[in-house]
Every structure is written in structure tokens, then in C-alpha cells.
Amino acid sequence: MERIPILKLGEFLLVSIQVDMHDQLAISLQDDLTAKIVATSAKGVLIDISALDIVDSFIGRMLGNIAGMSRILDAETVVVGMQPSVAITLVELGLSLPGIRTAFNIDRGMDLLRDSVAERQENQRVLNEPD
Amino acid sequence: MSSTNPTSLPITSQEDIVVVRQAVRKAAVGAGLNLVDQTKIVTAASELARNALVHGGGGNVSIEHINEWERRGIRLSFIDQGPGIRDIEQALKDGYSTGTGLGLGLGGAKRLSNDFSIWSEPGNGTRVTITRWKS
């Protein structure tokens, strides 16, 4: 069966969607990513959508589900590379992608993930410090 | 006013939605729509094709180029023989859904189109026609 590959890079998972996904493929990606976050204890997920020339409400919902589920599993999600025409269309469609962090490209997305992981570790350290 | 012979495509599976998107993209490029307008009509087509499949139990779409006075564009008609929509006004509201979606399909497709018309009769199916003009 057709699958979108998920790559592990250190404590992060990387996904680059390069095909025009039918709905079941989007659902599989959501399920696969959730399982992989658990299996690898990943701290972050980066999803590159620069090759997608549309994001409709179904794919938008999938991205939101991934962000929501990864948050529950203690991982951050960043969506990178959205084409400007896709962004314009999404807003008009009525999708504002609440709860999804976005970045311009993969480099900035990785920076964002690293920063948020460092910040969380710092918060943990302060919380665990004896008075 | 002139229009080409419409192309008709079936919508009976999820893969067909992808085929419809690609055919609408090709038609939009052919009609000279810019990238943003192409993206809007392809996204609207994706929503309406999914509606025809999920709510209408499948159907078809016809895609045609329109040349009307000084205007050029593409027109899409989505037709299904499903249960129809009882309350169209309600169905056009954002967030209203009888399925598992976000309820943005119909209202969103309307916003992404220049012209939008809908006909539906309970028990007799639904037809949604949208047009996007070259800007």
C-alpha cells in the first residue's frame, strides 16, 4: 500500500509530502506519524508541504489532527513551506489552522523545533530544582 | 457566448477526487487563470467532489471553458443522485456538517468561486455549479 515516508532525524521526525494525496493516504499518514512519535519518543514533527499545490479542508483537518495528537504525546509540530497561493486560498476557504505552528522553510522550521524543545527542557529543569 | 464541449468525469472513489483536481488544474491553466485563481478553483473542486462522494454517494463533474463577451473562465458542475439537501441555507453555513468533516465544503467552495449556484431536491440529488473568471 502507498505510504508517505517518515524520516527520523535525531529527536525529530521529518515528513515531506510530495504527492497529491487522496483522503485515505492522508489518514494513513496521520496514523503512521502518531505511532512513530510513540515508538521513537520524538520531541518534534516537521511537515514540509512545499510540494502541495492545494490544501483543502480535509488535508487541513489532517494537519490539525497531527498537531493535536503530537501535542498530547509531548511533541511539537511545525508545518513548513506553504505556497503563498495555498495560504491565500486557505483563508478564503475559512481554515485558519488553529494550533498549527508554521515556518517559511525547513531551516526555520528546525530552528523553531529546537527552540521549543530547549525551552521546555529549561522549564522542566526549573520545576525540578529544589527550593 | 461560447463554450467548449464539457468534459465529464466520474466521482466514485477517493482517487477520483485527485483526478478531478488534476483535470480542473489543467482546465484552469488552459483558460489563462493566474496561480491564485487556479488554486481557488481547484480547492473548491476538491471540496465539491468530496461532497458528491461522501454525501451524494458518488456522481460526476463536468468541466467547461467559457468565453462570454470579454470574459474567459471555467465552469464546473457537480451532480449527484444522492439524498439531496433539505436545508440549503443551513448547509452553506460554516461549521454545519452532517458528516465527519469541518463543514466548510459548501460555504468555502462558494467563497472561492465568482459565481455559485446550487439546486437540490430531497430524494433527487444535488447539482452545484461554480465559475471562476480570468481576472
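Which elements do the buried residues of α2(A) pack against? They pack against α1 (23-40), β3 (44-48), β4 (76-80) and α3 (84-93) of chain A, together with α2 and α4 of chain B. Welcome to this predicted model, in which 24 residues of chain B are in contact with 18 residues of chain A. The points below take each chain in turn, then some of the elements, and finally the place where the chains touch.

**Chain A as a whole**

- Chain A is built from 4 helices and 5 strands, and from the N terminus on they follow the order β-β-α-β-α-β-α-β-α.
- The radius of gyration of chain A is 15 Å, close to the 14 Å that the globule rule gives for 131 residues, so chain A is as compact as a globular protein of that length.
- Along the principal axes, a box of roughly 50 × 35 × 25 Å holds the C-alpha atoms of chain A.
- Of the 131 residues of chain A, 33% are buried.
- If you look at contacts in chain A between residues at least 6 apart in sequence, 77% of them join residues at least 24 apart.

**Chain B as a whole**

- Chain B has 4 helices and 6 strands, and its pattern along the sequence reads β-β-α-α-β-β-α-α-β-β.
- For 135 residues, a compact globule would have a radius of gyration near 14 Å, and the 14 Å of chain B agrees with this.
- The C-alpha atoms of chain B fill a box of roughly 40 × 25 × 25 Å along the principal axes.
- Buried residues account for 41% of the 135 residues in chain B.
- Among contacts in chain B between residues at least 6 apart in sequence, 64% link residues at least 24 apart.

**Helix α2 of chain A**

- Let us return to the helix of the opening question: α2(A) covers residues 57-72, which makes 16 residues.
- From its first C-alpha to its last, α2(A) reaches 22 Å, close to the 22 Å expected at 1.5 Å a residue.
- The buried residues in α2(A) are A:Ser57, A:Phe58, A:Ile59, A:Met62, A:Leu63, A:Ile66, A:Ala67 and A:Ser70.
- Just after α2(A) comes A:Asp74, with a positive phi of about 65 degrees.

- Strand β2 (residues 12-16) of chain A runs parallel to β3(A), and 5 bridges join the two.
- Opposite A:Gly44 in β3(A) stands A:Phe12.

**A residue of helix α4 in chain A**

- A:Met110 belongs to helix α4 (residues 106-128) of chain A.
- Is A:Met110 buried or partly exposed? A:Met110 has 19 C-beta neighbours inside 10 Å, and a residue needs 20 or more to be buried, so A:Met110 counts as partly exposed.
- A:Met110 and A:Leu14 are 96 residues apart along the chain, yet their C-alpha atoms are separated by 9.7 Å.

**Helix α1 of chain B**

- At 1.5 Å a residue, the 17 residues of α1(B) (residues 14-30) should span 24 Å, and the end C-alpha atoms are 25 Å apart, which agrees.
- Its buried residues are B:Asp16, B:Ile17, B:Val20, B:Arg21, B:Val24, B:Ala27 and B:Ala28.
- Seen down the axis of α1(B), these buried residues fall within an arc of 145 degrees, so they line one face of the helix.
- An α-helix has 3.6 residues a turn, so residues three or four places apart point the same way.
- Turned away from the buried side of α1(B) is a face that carries the exposed residues B:Glu15 and B:Gly30.
- The cover over the buried residues of α1(B) includes β2 (7-11), α2 (35-54), β3 (59-68) and β4 (71-80) of chain B.
- After α1(B) comes B:Gly32, which has a positive phi, near 85 degrees.

**Where the chains touch**

- The contact brings together 24 residues of chain B and 18 residues of chain A.
- On the side of chain B that touches chain A, α1, α2 and α4 (105-111) of chain B each supply at least two residues.
- α2(B) gives the most to this side, with 9 residues.
- The residues of this side of chain B divide into 8 nonpolar, 9 polar and 7 charged.

How values were computed. Residues are numbered from 1 along each chain as its sequence is written. Chains are lettered from A and ligands numbered from 1 in the order in which they are written. This is a predicted model: local features need pLDDT of at least 70, side-chain atom pairs count only at pLDDT 80 or more; totals for chains, interfaces and linings use all residues. The radius of gyration is taken over C-alpha atoms; the globule rule is 2.2 Å times the number of residues to the power 0.38. A residue is buried if 20 or more other C-beta atoms lie within 10 Å of its own, exposed if 12 or fewer, and partly exposed in between; C-beta atoms are placed from the backbone. Two residues are in contact if their C-beta atoms, placed from the backbone, lie within 7 Å. The expected span of a helix is 1.5 Å times one less than its number of residues. The arc is that of the directions from the helix axis to the C-beta atoms. Ala, Val, Leu, Ile, Met, Phe, Trp, Tyr, Cys and Pro count as nonpolar, Asp, Glu, Lys and Arg as charged, and the others, Gly among them, as polar. Two strands pair if DSSP finds at least two bridges between them.
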